Amino acid sequence: MFVKTLLIGAEGYWIFLFSNKEKGREEMIKALNILRIVDLKEVTQYYEKKYEKIIDKIL
C-alpha cells in the first residue's frame, strides 16, 4: 500500500509539471490523505514539506 501511495504522489507530480496543475495537485493531496488515514505522521509530514516546496517553486 505504501508503494502504491508513493506512486499516486509521483504521478500527481508528473501531471502537475507536464499536463494539468490542478489535477496533479489533487493527486498529490490524495496521496497525502492516504498517508494520514494510515497514520504515518512522520512520512506524511515529510511529503507535505516536499510537495509544498515543489508547488511553491513552480507557481
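Visitor: Where does D39 lie in the chain?

Guide: D39 sits in the loop between helix 2 and helix 3, and everything said here about this residue refers to a predicted model. The phi angle of D39 is near 70°, which is a positive value in a residue other than glycine.

Visitor: Is D39 buried, partly exposed or exposed?

Guide: A residue counts as buried under 20% relative accessible area and as exposed over 50%, with partly exposed in between. The relative accessible area of D39 is 48%, so this residue is partly exposed.

Visitor: Which elements does the chain have, and in what order do they run from the N terminus?

Guide: The order from the N terminus on is α-α-α, and the chain accordingly has three helices and zero strands. The radius of gyration is 11 Å, close to the 10 Å that the globule rule gives for 59 residues, so the chain is as compact as a globular protein of that length. Taken along the principal axes, the box that the C-alpha atoms fill is roughly 30 × 20 × 15 Å.

Visitor: What percentage of contacts in the chain between residues at least 6 apart in sequence join residues at least 24 apart?

Guide: A contact here means heavy atoms within 4.5 Å. Of the contacts between residues at least 6 apart in sequence, 46% join residues at least 24 apart. A separate case, given as a C-alpha to C-alpha distance, is the pair K21 and I55, which are 34 residues apart in sequence and 9.3 Å apart in space. K21 has its place in helix 2 and, at 34% relative accessibility, counts as partly exposed.

Visitor: Which residues make up the largest nonpolar core?

Guide: In soluble globular proteins, nonpolar side chains tend to be buried together. In this chain the largest nonpolar core has nine residues, namely I8, F16, M28, A31, L32, I34, Y51, I54 and I55. Each of helix 1 (2-18), helix 2 (21-38) and helix 3 (41-58) supplies at least two residues of this core, and helix 2 gives the most, with four residues. As for one member, I8 is in contact with E27, K30, A31 and I34, once its neighbours within four places in sequence are left aside. Over the whole chain, buried residues make up 27% of the 59 residues.

Visitor: Is T5 buried or exposed?

Guide: The cut-off to apply is again 20% relative accessible area, under which a residue is buried. At 4% relative accessibility, T5 counts as buried; its place is in helix 1. Leaving aside neighbours within four places in sequence, T5 is in contact with A31, I34 and L35. T44, whose place is in helix 3, is buried with a relative accessible area of 4%, and beyond its neighbours within four places in sequence T44 is in contact with L32, L35 and R36.

Visitor: How many positive and negative side chains does the chain have?

Guide: There are 11 positive and 9 negative side chains, and the centres of these two sets lie 4 Å apart.

Notes: Residues numbered from 1 in each chain as written. Predicted model: local features only at pLDDT ≥ 70, side-chain atom pairs only at ≥ 80, totals over all residues. Heavy atoms only, no water. Rg over C-alpha atoms; globule rule 2.2 N^0.38 Å. Buried < 20%, exposed > 50% of the residue type's maximum accessible area, 1.4 Å probe, protein only. Lys, Arg positive; Asp, Glu negative; His and termini not counted. Charge placed at Lys NZ, Arg CZ, Asp CG, Glu CD. Core = buried A, V, L, I, M, F, W, Y, C linked by side-chain atoms within 4.5 Å.
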